Amino acid sequence: MTFFNKKPIIMSKQQRRCFKGNSIMCYSSQERAKIVKCVEDAVKDDILADIQHHSLRTTNSVPTRIWDLLNTNLARELETEDCTIADAHRGPWQMLVVFDKTTQCILTFMREKRFAELRRFQRRRSHMHYLDMLTRQFNKRLLADQQQIELYPHTFSDEDRLPQLIQTLLHDLEDEIPVVQNHVLVLFETTGYQLSHIRAVKVTPNLDIAQDGSQDWSEYISTNVSVVVEKVAHSDAPGNQPNRGLKLKSKAIARKKNGLQRKETQEIETQG
């Protein structure tokens, strides 16, 4: 299929303004606040409630479980007449892609640490990560703040298959692909179970931040404490008992009792 044959695009006045300027800036404060809340709830209350509900003894799956919660929040909160939510697959990894009809941009989400890793090792990859695909397809005309001339530009082994790979990745957005203007990446950081920083960026194919392509959304992070009340899970577990789950024999109990009595006597003599 040749989805690159563009259909006539009819833009509203707001869409024309966003297209001419920076579409990141065109997200209303209500939209930004809603997106931030989806992320914040996933990394805080939702995951804490999940851990508590299942009385988890270990939390090895939390880093990936958060993505399921985030995707659920996005689908529930952003599916409107102005937004299309689509499932996307890259190998076994499932994700959601948000197409905003006002800005005509697609949004994806990523942790800052993961983005830094992808950027640092881009030239070592032989195959494209989905971020490489999206930036090469939709952000190829963007320039970085400090544009560097590459004597030997990096080329991926599957780069000649970019159209087919994009079509496969964004299969559920097939009708919208011809009108997509840019890809916007929402990056976030967490400290414990708290969202500490979040921003929206446009990234060049070299994974540099584009000119005027970053907007900090951290002001929309709530200052409220989690509504999920933390409690001691498995109160009968050895780690949550003074004796570490060990049963003392009668002689040990007697020694412990005598030790406490001697300590009390010494404290009384010292105070006197």
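**Figure 1. Strand 5 and strand 6 run antiparallel and are joined by four bridges.** This is a predicted model, in which local features need a pLDDT of at least 70 and side-chain atom pairs count only at pLDDT 80 or more, whereas totals for chains, interfaces and linings use all residues. Residues are numbered from 1 along each chain as its sequence is written, and side-chain values use heavy atoms, with hydrogens and water left out. Strands (DSSP runs of E, at least two residues) and helices (DSSP runs of H or I, at least four residues) are numbered from the N terminus, and two strands are taken to pair if DSSP finds at least two bridges between them. Within this pair, Ala 200 stands opposite Gln 215 of strand 6. The hairpin of strand 5 and strand 6 has five residues between the strands, and Leu 207 there takes a positive phi near 65°.

**Figure 2. Strand 4 and strand 5 run antiparallel and form a hairpin with two residues between them.** Seven bridges join these strands, and Phe 188 stands opposite Ile 198 of strand 5. Gly 192, in the turn, has a positive phi of about 65°. Strand 5 is mostly covered, seven of its ten residues being buried, where buried means under 20% relative accessible area, exposed means over 50%, and partly exposed lies in between (1.4 Å probe, protein chains only).

**Figure 3. Six strands make up an open sheet of mixed pairing, in the order 1-2-3-4-5-6.** The edges are strand 1 (83-90) and strand 6 (209-216), each of which pairs on one side only. Neighbouring strands of the sheet are turned by 30° against each other on average, with direction ignored. Strand 3 (residues 105-111) and strand 4 (residues 182-191) run parallel and are joined by seven bridges, and Leu 107 stands opposite Val 184 of strand 4.

**Figure 4. Helix 2 and helix 3 lie across strands of the sheet.** Helix 2 (residues 29-53) lies across strand 2 (93-100), strand 3, strand 4, strand 5 (194-203) and strand 6, and runs at about 130° to strand 5. Helix 3 (residues 62-78), in turn, lies across strand 1, strand 2, strand 3 and strand 4, running at about 25° to strand 2. Axes are lines fitted to C-alpha atoms, for helices over the stretch in contact, and angles run from 0 to 180 degrees between N-to-C directions; contact means heavy atoms within 4.5 Å. The chain has seven helices and six strands, which follow the pattern α-α-α-β-β-β-α-α-α-β-β-β-α along the sequence.

**Figure 5. Thr 84 lies in strand 1.** Its relative accessible area is 15%, so Thr 84 counts as buried. Leaving aside residues up to four places away in sequence, Thr 84 touches Glu 79, Val 97, Val 98, Phe 99, Lys 101, Leu 173 and Glu 176.

**Figure 6. Salt bridges link Lys 37 to Asp 41, Glu 117 to Arg 114, and Asp 132 to Arg 125.** A salt bridge is a side-chain nitrogen of Lys or Arg within 4 Å of a carboxyl oxygen of Asp or Glu, and the structure holds nine of them. Lys 37 and Asp 41 meet at 2.7 Å, N to O; they are four residues apart in helix 2 and therefore separated by about one helical turn, and Lys 37 is partly exposed at 47% relative accessibility. Glu 117 and Arg 114 meet at 2.3 Å, N to O, and, being three residues apart in helix 4 (residues 112-120), are likewise separated by about one helical turn. Glu 117 is partly exposed, with a relative accessible area of 33%, as is Arg 114, with 37%. In the pair of Asp 132 and Arg 125, the closest N and O atoms are 2.8 Å apart; Asp 132 is buried at 0% relative accessible area, and Arg 125 counts as buried at 16%.

**Figure 7. The chain averages a pLDDT of 83, and 74% of its residues score at least 70.** Over residues 1-9 the pLDDT is below 50, and beyond near neighbours in sequence this stretch has 15 contacts in the model. The pLDDT is the predictor's confidence in each residue, from 0 to 100.
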